[in-house]
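Colleague: I am new to this structure. Please take one part and walk me through it closely.

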Amino acid sequence: LDLGPWGLFRFYSRALAESSLLGNLTIIVILANTVAMACEHDCDEAHVDYCRTFKGRMELCNIIFTSFFTLEMVIKGVGLGPLNYLKDSSNLFDVIIVTVSIIELQSVIFLYQCYSAPPDPVTGEEEDCTSSSNGLSVLRSFRLIRVMRIGKLVKA
């Protein structure tokens, strides 16, 4: 047993990776992510303030979900070891989804900042954030497949 910092980190990561706490928390976050994705919609121009606030909050949710799933991947990868972690095909799929989510994270953060920014003090106009969001919804739709993991997590 390695009692150095890395050994302790691996020990606690393994304990957490194999715990029902992480599994149950992951189920809750997957369901919350699914609900958040179901709530996403296009807004009409008549409700610009609501639309910008709503879209900003949805981007914040995406940042939080990406952070959680990244942390889950790291905990399981370190705790179980990379080879044992990747033996499970659902974990391999998670690595792909998390990697794509991390790649799109810069755009998500930009959108969050854009939607949260106050109007220009001189002109009173708000920045157009819609041109940066093209293509993100297609990538995010792959996250819905995570719902199938719930059955596996419940059995564990």
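**A patch and its helix**

Modeller: Leu3, Leu8, Phe11 and Tyr12 make a nonpolar patch of about 450 Å². Patches join residues with over 30% relative accessible area and no salt bridge: like charges within 9 Å, nonpolar side chains (Val, Leu, Ile, Met, Phe, Trp, Tyr) within 5 Å. A salt bridge is a Lys or Arg side-chain nitrogen within 4 Å of an Asp or Glu carboxyl oxygen. Areas come from the Shrake-Rupley method with a 1.4 Å probe, and for residues only the protein chains shown count as cover.

This is a predicted model: local features need pLDDT of at least 70, side-chain atom pairs count only at pLDDT 80 or more, and totals for chains, interfaces and linings use all residues. Residues are numbered from 1 along each chain as its sequence is written, and side-chain values use heavy atoms, without hydrogens and water.

Phenylalanine 11 sits in helix H1. Helices are DSSP runs (H or I, at least four residues), numbered from the N terminus. Phenylalanine 11 counts as partly exposed because its relative accessibility is 45%. The classes are buried (under 20% relative accessible area), exposed (over 50%) and partly exposed (in between), with a 1.4 Å probe and protein chains only.

Now the buried residues. In H1 these are Gly7, Ser13 and Ala17. They lie on the same side of H1, because their arc around the axis is only 130 degrees. That arc is taken from the directions from the helix axis to the C-beta atoms. Pro5 and Tyr12 are exposed on the other side of H1. The buried residues pack against helix H2 (20-39) and helix H3 (48-80), where contact means heavy atoms within 4.5 Å.

Technical notes: Helix = DSSP H or I, 4+ residues; strand = E, 2+ residues; numbered from the N terminus.
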